[in-house]
Amino acid sequence: QVQLVESGGGLVQPGGSLRLSCAASGRILAINTMAWYRQAPGKQRELVASTTNSGDTNYVDSVKGRFTISRDNAKNTVYLQMNSLKPEDTANYYCNADIATNWEAWGNYWGQGTQVTVSS
């Protein structure tokens with residue numbers, strides 16, 4: 001089956017940077033949209049950024065100009081470069097992707113999450 005594995009989370013001071021990675025593995029024929037979501041305690045999960053396989057990107061307003069999403073299609077990997085981090089960016093960050101395991105079956109998959117904590 002398909003697995004999404006995130007890495008790169010951790011503790012960083014306000015104004016600092018982190019780079020998250022998410023690698024998809026398993027029986028993969030194609031990947032369309034890849035995205036990062038986040039969920040803070042007591043809040044709903046929100047879409048942070050997404051990218052299509054044609055390179056189109058989309059960001060939530062609160063991260064525009066600070067976060068950059070990118071992907072390496074050869075490695076089935078999506079990245080989230082996070083700069084100028086703020087305490088309100090603290091959350092568990094989840095990778096999400098639309099993946100075809102055969103040409104008649106597209107599925108939506110989630111990673112297990114990686115914690116990002118922004119604190120002095």
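**Close-up 1. N96 in strand β9.** N96 has its place in strand β9, and in this predicted model the residue is buried, with a relative accessible area of 6%. Although N96 and A35 are 61 residues apart in sequence, their C-alpha atoms are 5.1 Å apart in space. Leaving aside neighbours within four places in sequence, the contacts of N96 include L4, T33, M34, A35 and Y37, together with N108, Y109 and W110.

**Close-up 2. The disulfide between C22 and C95.** The structure has one disulfide, and this bond joins C22 to C95 with an S to S distance of 2.1 Å. C22 lies in strand β3 and C95 in strand β9, so the bonded pair ties together parts of the chain that are 73 residues apart in sequence. The torsion about the S-S bond of C22 and C95 is about -80°, and the disulfide is therefore left-handed. Both cysteines, C22 and C95, are buried.

**Close-up 3. The largest nonpolar core.** The largest nonpolar core has 30 residues, and those that touch the most other members are L4, W36, F67, L80, M82, Y93 and I99. At least two residues of this core are supplied by each of the strands β3 (18-25), β4 (30-39), β5 (46-51), β7 (67-72), β8 (77-82), β9 and β11 (114-118). Strand β9 gives the largest share of the core, with five residues.

**Close-up 4. The surroundings of F67.** F67 is among the residues of the largest nonpolar core that touch the most other members. When its neighbours within four places in sequence are set aside, F67 is in contact with R38, V48, Y59, L80, Q81, M82, N83, L85, D89 and Y93. Two residues in this list, R38 and D89, also meet each other in a salt bridge through their side chains, and the pair is shown in the next view.

**Close-up 5. A network of salt bridges.** Side chains of opposite charge can pair when their charged atoms come close. A search of the whole structure finds four salt bridges, and R38, E46, R66 and D89 are linked in a network of such bridges. The side chains of R38 and E46 meet with an N to O distance of 2.7 Å. R38 is buried, because its relative accessible area is 6% and the limit for buried residues is under 20%, whereas E46, with a relative accessible area of 29%, is partly exposed. R38 also meets the side chain of D89 in a salt bridge, at 3.0 Å from N to O. This second pair links distant parts of the chain, since D89 lies in the loop between β8 and β9 while R38 lies in strand β4, 51 residues apart. D89 is buried, with a relative accessible area of 1%. R66 and D89 are both buried.

**Close-up 6. Two loop residues with positive phi.** Most residues other than glycine have a negative phi. N76, however, has a positive phi, near 50°, and its place is in the loop between β7 and β8. With a relative accessibility of 23%, N76 counts as partly exposed. S84 likewise has a positive phi, near 50°, in a residue other than glycine, and S84 lies in the loop between β8 and β9. At 41% relative accessibility, S84 counts as partly exposed.

**Close-up 7. A nonpolar patch on the surface.** L29, W103 and W106 together make a nonpolar surface patch of about 390 Å². One of these residues, W103, has its place in the loop between β9 (91-102) and β10 (105-110). W103 counts as exposed because its relative accessibility is 62%, and the limit for exposed residues is over 50%.

Note on methods:
Residues numbered from 1 in each chain as written. Predicted model: local features only at pLDDT ≥ 70, side-chain atom pairs only at ≥ 80, totals over all residues. Heavy atoms only, no water. Patch = residues over 30% accessible without salt bridge, like charges linked within 9 Å, V, L, I, M, F, W, Y side chains within 5 Å. Areas by Shrake-Rupley, 256 points an atom, 1.4 Å probe, with all protein chains shown as cover. Helix = DSSP H or I, 4+ residues; strand = E, 2+ residues; numbered from the N terminus. Buried < 20%, exposed > 50% of the residue type's maximum accessible area, 1.4 Å probe, protein only. Core = buried A, V, L, I, M, F, W, Y, C linked by side-chain atoms within 4.5 Å. Contact = heavy atoms within 4.5 Å. Disulfide = S-S within 2.5 Å.
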